[in-house]
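Subject: A structure for you to look at

Hello,

Here is the structure I promised to pass on. Please open it beside this email and follow along as you read.

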Amino acid sequence: MAIHDIKQIMIALRALHRDRENRAVFGTVAPRTAELIWVDPKKINFYMGQLPEGLNIRRTSGRIVDFERRGLSFSPLEDVIPVKSSLMHWRDGLPWEETPDFINRMMRVKFFRAGISHNTKSAITRRYRKLDELYRRIEKERAFKTQKQLKPWNFREYGGVQIGIDAAGRFAVMRGSGLHRITIAKLLDLPYIPAMVGLVDVNAISYLEPLRAPPEHRAEFASGTSDMLREYRSSERLAVDASAMSLRSPLPGSAR
């Protein structure tokens, strides 16, 4: 058995327990761990950097919490350094090396760990090169793939962009989860992206149901469904467990 198979089994076992707890209290409408949802990127305008005490980003998906009682709040997405830097690069044409995100990462490089950590100068440079490759691919294909499309053995949408929902129905990128992907989706004006449900406010459960429907099932998107989403409809629908910033400025051809 491959390592990734063992990891997915462990994730699924933990999810089973959490899902049972959610359903026992909130019924079948409750979110599931790593559940796939489809979100309009234009409506994702917030960031959630603060997590409930005792939880890390790997344990937040599908959890129902009282945001007010826990003192949880959202902050503007455009204030987050990786998002600012992505806009400076892809929208305004600034080289990655001159963006705050790149500079901060380079400053954190520990020379004594060089060669044995992903936190090396060469690894950081490679990371941004791959981000540019991702941007070009999404620009061409006009859609992000689900995690199961990328890795058939994957448990639901585990590893995807994690989106939290507050009582007002606002969407926020969870800490350290897909900031560059969200920025790409906004810049390219994608209509919907696949995401993994994150923390859900106890008063926000009703917002989930519309997000569960794949884009091709939504009348307003039917005429513009991409080839990739049509492929999703035919090959992935049964395999996924039933499951605004001013970013539209013209993109410079030299942004890469």
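**The largest pocket**

The largest pocket holds about 920 Å³ of space. A pocket here is an open set of points on a 1 Å grid over the protein atoms alone, where a 1.4 Å probe fits and protein lies on both sides within 12 Å along at least five of seven lines. Its volume is the space filled by probe spheres set on the points, with grid points joined across faces, edges and corners. Before you go further, note that this is a predicted model, in which local features need pLDDT of at least 70 and side-chain atom pairs count only at pLDDT 80 or more, while totals for chains, interfaces and linings use all residues. Residues are numbered from 1 along each chain as its sequence is written, and side-chain values use heavy atoms, with hydrogens and water left out.

Which residues lie nearest the centre of the largest pocket? They are Gly159, Gly160, Ser177, Gly178 and Arg181, out of 37 lining residues (lining means having an atom within 4 Å of a point). Two or more lining residues come from each of helix 1 (3–26), helix 5, helix 6 (147–150), helix 7 and strand 7 (193–201). Helix 5 gives the largest share, with 5 residues. Helices (H or I, at least four residues) and strands (E, at least two) are DSSP runs, numbered from the N terminus. By type, the lining has 13 nonpolar, 13 polar and 11 charged residues. Nonpolar covers Ala, Val, Leu, Ile, Met, Phe, Trp, Tyr, Cys and Pro; charged covers Asp, Glu, Lys and Arg; the others, Gly among them, are polar.

**Helix 3**

Is helix 3 mostly covered or mostly open? In helix 3 (residues 81–91), 8 of the 11 residues are buried, so the helix is mostly covered (buried is under 20% relative accessible area, exposed over 50%, partly exposed in between, with a 1.4 Å probe and protein chains only). Among these buried residues are Pro82, Leu87 and Trp90. The buried residues pack against helix 4 (100–107), helix 5 (121–141) and helix 7 (179–187). After helix 3 comes Gly93, with a positive phi near 85 degrees.

Met174 sits in strand 6 (residues 171–174) and is buried, at 0% relative accessible area. Met174 and Ile57 are 117 residues apart in sequence, yet 7.4 Å apart in space, C-alpha to C-alpha.

Glu35 lies in the loop between helix 1 and strand 1 (36–39), and it too is buried, at 0%. Its C-alpha is 8.5 Å from that of Arg212, which is 177 residues away along the chain.

Arg156 and Asp189 both have a positive phi without being glycine: about 50 degrees for Arg156 and about 55 degrees for Asp189. Arg156 is buried, at 11%, whereas Asp189 is partly exposed, at 34%.

The chain averages a pLDDT of 84, and 80% of the residues score at least 70; pLDDT is the predictor's confidence in each residue, from 0 to 100. Over residues 220–256 the pLDDT is below 50. Where pLDDT is low, the predicted coordinates should not be read in detail.

Best wishes

Methods
Contact = heavy atoms within 4.5 Å.
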